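Here is a short briefing on one protein model. The sequence and the structure come first, then the notes by topic.

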Amino acid sequence: MTDWAARRPASPAAPAARPLQGAKPDPAVIAQFGLYNDAKLQSLITAKGKQMTAISDRPGDYGFTVVDSPIINAFATPDGHVYFTRGIMAYFNNEAQFSGVLGHELGHITAQHGKKQSRNNTIAGIGMILGSVLAPRVMQSVGGIVQQGVGLWMLKYSRGDENEADGLGVKYSTKIGYDASYMADFFQTLQRTEEQSGSSIPTFLSSHPNSADRYTRVKQLAAQAKQSAGRSTYLVNRDQYLRQIEGLTFGEDPRQGFVESGVFYHPDLKFRFPIPSGWKSNNSPETFQMQEPNGKALLVFLGASGNSLDAAAQNLAKSIGVANAQAQKTTINGFPALVFEGDQQAQDQQSTPAHVLAQLIQDGNSIYAFVGLSSPTTFGTYAPQFQRAAQGYARLTEADKLNRQPEHIHIRTATGTQTLASALASAGIPSKRYEEMAILNGMKTTDKLPKGMLYKVVGR
C-alpha cells in the first residue's frame, strides 16, 4: 500500500477480455496482492516452472510469480501465469511438495481448465480474490474504482478438473525428478490449517475443492509414476528448501497496514483512522475497503491522483462515474480537504446507481480519498459513518504502532534427539503456539527430531 498516493484510480469502464499476459504477471493481480520481493524464491519458482513447462503437454511462454499475501494459496490464470502466495511458501516443507503443487497449477493451464471458466467471468483471466466480502448488489453499483480492486472472482474447479490437475502435477513433478508423493502429504497440512483457522478467507482448499480420497489417490498416482519413470532415486530436497525460506515474512505484514481495536493503522505511511463499528475490512496494496456486514454500504480508502485537491477530485469523480457533483473546500481534522457528493451514472439498465460521498484529504504531498457508496434510499443511514471515518483521519504518532514489525520464518537445528514440542520450547516459542508450529512443520508436537534436523519457528 506504500504507493497508493501515486496510483491513478481505475477506469470505470467495464474491462475488456484481457490480452494474453503469459510470462508477465497480470497488473490486476499485483494490484490486489503486491509482489513479494525475494530473489531466492522468485528464482526457485521461475527455474522450476520453466523446467516443468518444457516437459508439459502444452509448452508455452508461461510466467511464475510469488505474491505478497499471507493467505495459503496458489492459483493459475487462464492467460498462462501461475501465482504462489508467500503464505503457501511458508507451509511447504521440501521442494517435492512445492514442485507437486506447481505441477498441479501448471496442469490447470495446460488442460485449459480456466478457459472454460473465464467465459462466464466478468474479468477474464483472474484466479482468486481476497476481498469477495462485497455483496454483489453493492458491487454492481460501485463502478470501476472497486471492480478493479476487488472484482477478481475466484475460479472454482470441478472435481474432474481437480483430479486431472492432480494427475498432471504428479506427472510433471516426477518428470523433473521429484518424489510426487509429497504433494499428498501437503494436502494433509492444508487440511490442518483450515481446521485450525476456522476462517472463511479463501485458501487453497476452497478454490481447489478437497476430497477424502485425494490423499490416497495422489499417493497411488505418484507410486505408478515412479515405477514407469524408472529412476532409482527421486528428489525431496528438504534442507535446501527450508534454507531458502529463512527470513520469509509470515502472517500479516503490519508495515502495510493493520487493524486493531476498530482502528486502521499504517506505520509506513504514518496515518490512522477508525473503521465503522462491526464492518468487515480488506487491505490490499491499492485500497483499504470497509463493508457494512449486509453489503448495503461500502467505504473505500485510496490514494487520489492529482497535483491539487481540485484536480484529484475531478479525476476521482470521472473514474467513479459521478457527474455534476456538488463540491466544497473544507478542512477535516486540520487537513485541507474537499468533499463532493452525487449519484453515479448507471452502468446498465440492471444496476441501481449508488449515491456517493467522496472526502479528499491533503496530507503533505499525498492526497487520500474516503469514497462512501450506498443506494440512494439508505444513504442517509450510512453518511454519518462515512464522515466519522474521515474525521478520525490523523497522523500516526504512537511508537508501538509505528514500530510494529512482521513475524518471519526462522530455521533452527535440533541440538539432540528431542520431540518437536521440546525443540519449540528451547527455541522460546510459547506453548499456545505449539500446534500452529507443528502444522507449519508438517509434524505432530510429539514427533521425534533427530540431532541436526532442521525445523521452522516463527518470530520477529
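Contact means heavy atoms within 4.5 Å. By that criterion K50 touches D61, Y62 and F64, leaving aside residues up to four places away in sequence. This is a predicted model: local features need pLDDT of at least 70, side-chain atom pairs count only at pLDDT 80 or more, and totals for chains, interfaces and linings use all residues. Residues are numbered from 1 along each chain as its sequence is written, and side-chain values use heavy atoms, with hydrogens and water left out.

**Overall**

- The protein has 17 helices and 19 strands. Helices (H or I, at least four residues) and strands (E, at least two) are DSSP runs, numbered from the N terminus.
- Of the 460 residues of the protein, 56% count as buried. Buried means under 20% relative accessible area, exposed means over 50%, and partly exposed lies in between (1.4 Å probe, protein chains only).
- Take the contacts in the protein between residues at least 6 apart in sequence: 70% of them join residues at least 24 apart.

**The three-stranded sheet**

- Three strands form an open sheet with mixed pairing, in the order β1-β3-β2. Two strands pair if DSSP finds at least two bridges between them.
- β1 (63-67) and β2 (74-77) are the edges; each has a single partner strand, so one side of each is left without a neighbour in the sheet.
- Neighbouring strands of this sheet are turned by 20° against each other on average, direction ignored. Axes are lines fitted to C-alpha atoms, for helices over the stretch in contact, and angles run from 0 to 180 degrees between N-to-C directions.
- β1 pairs with β3 (residues 81-85) in the parallel sense, over five bridges. V66 has F84 in β3 as its bridge partner.
- β2 and β3 run antiparallel and are joined by four bridges. Here F75 stands opposite Y83 in β3.
- Three residues lie between the strands in the hairpin of β2 and β3, and G80 takes a positive phi near 100° there.

**Burial of β3**

- β3 is mostly covered, with five of its five residues buried.
- Both faces are covered: H81, Y83 and T85 on one side of β3, V82 and F84 on the other, all buried.
- In a regular strand the side chains alternate between the two faces of the sheet.

**Helices on that sheet**

- Helix α2 (residues 39-55) packs on the sheet and touches β1 and β3. Its direction makes about 150° with that of β1.
- Helix α4 (residues 95-110) lies across β1, β2 and β3, running at about 145° to β3.
- α2 and α4 pack at an angle of about 55°, with their axes 10 Å apart. That makes α2 oblique to α4. Angles under 35 degrees count as roughly parallel, over 145 as roughly antiparallel, 65 to 115 as roughly perpendicular and the rest as oblique.
- The crossing of α2 and α4 is right-handed. A crossing is right-handed if the near helix is turned clockwise from the far one by less than a right angle, and left-handed if anticlockwise.
- L44, I45, K48, G49, M52 and T53 in α2 meet E95, F98, S99, L102, G103 and L106 in α4.
- The residues of this contact of α2 with α4 divide into six nonpolar, four polar and two charged. Ala, Val, Leu, Ile, Met, Phe, Trp, Tyr, Cys and Pro count as nonpolar, Asp, Glu, Lys and Arg as charged, and the others, Gly among them, as polar.

**K50**

- K50 sits in helix α2.
- K50 is partly exposed, with a relative accessible area of 37%.
- K50 and G60 are 10 residues apart in sequence and 9.3 Å apart in space, C-alpha to C-alpha.

- Helix α8 (residues 159-175) packs with helix α11 (residues 214-229) at an angle of about 35°, and their axes are 9 Å apart.
- α8 and α11 make a right-handed crossing.
- Residues of α8 in this contact include E162, D166 and V170; among those they meet in α11 are R214, V218 and L221.
- The contact of α8 with α11 divides into six nonpolar, three polar and five charged residues.

**The four-stranded sheet**

- An open sheet of four strands has antiparallel pairing and the order β5-β6-β7-β15.
- Its edge strands are β5 (258-260) and β15 (394-395), each pairing on one side only.
- β7 (residues 271-274) and β15 run antiparallel and are joined by two bridges. F271 stands opposite R395 in β15.
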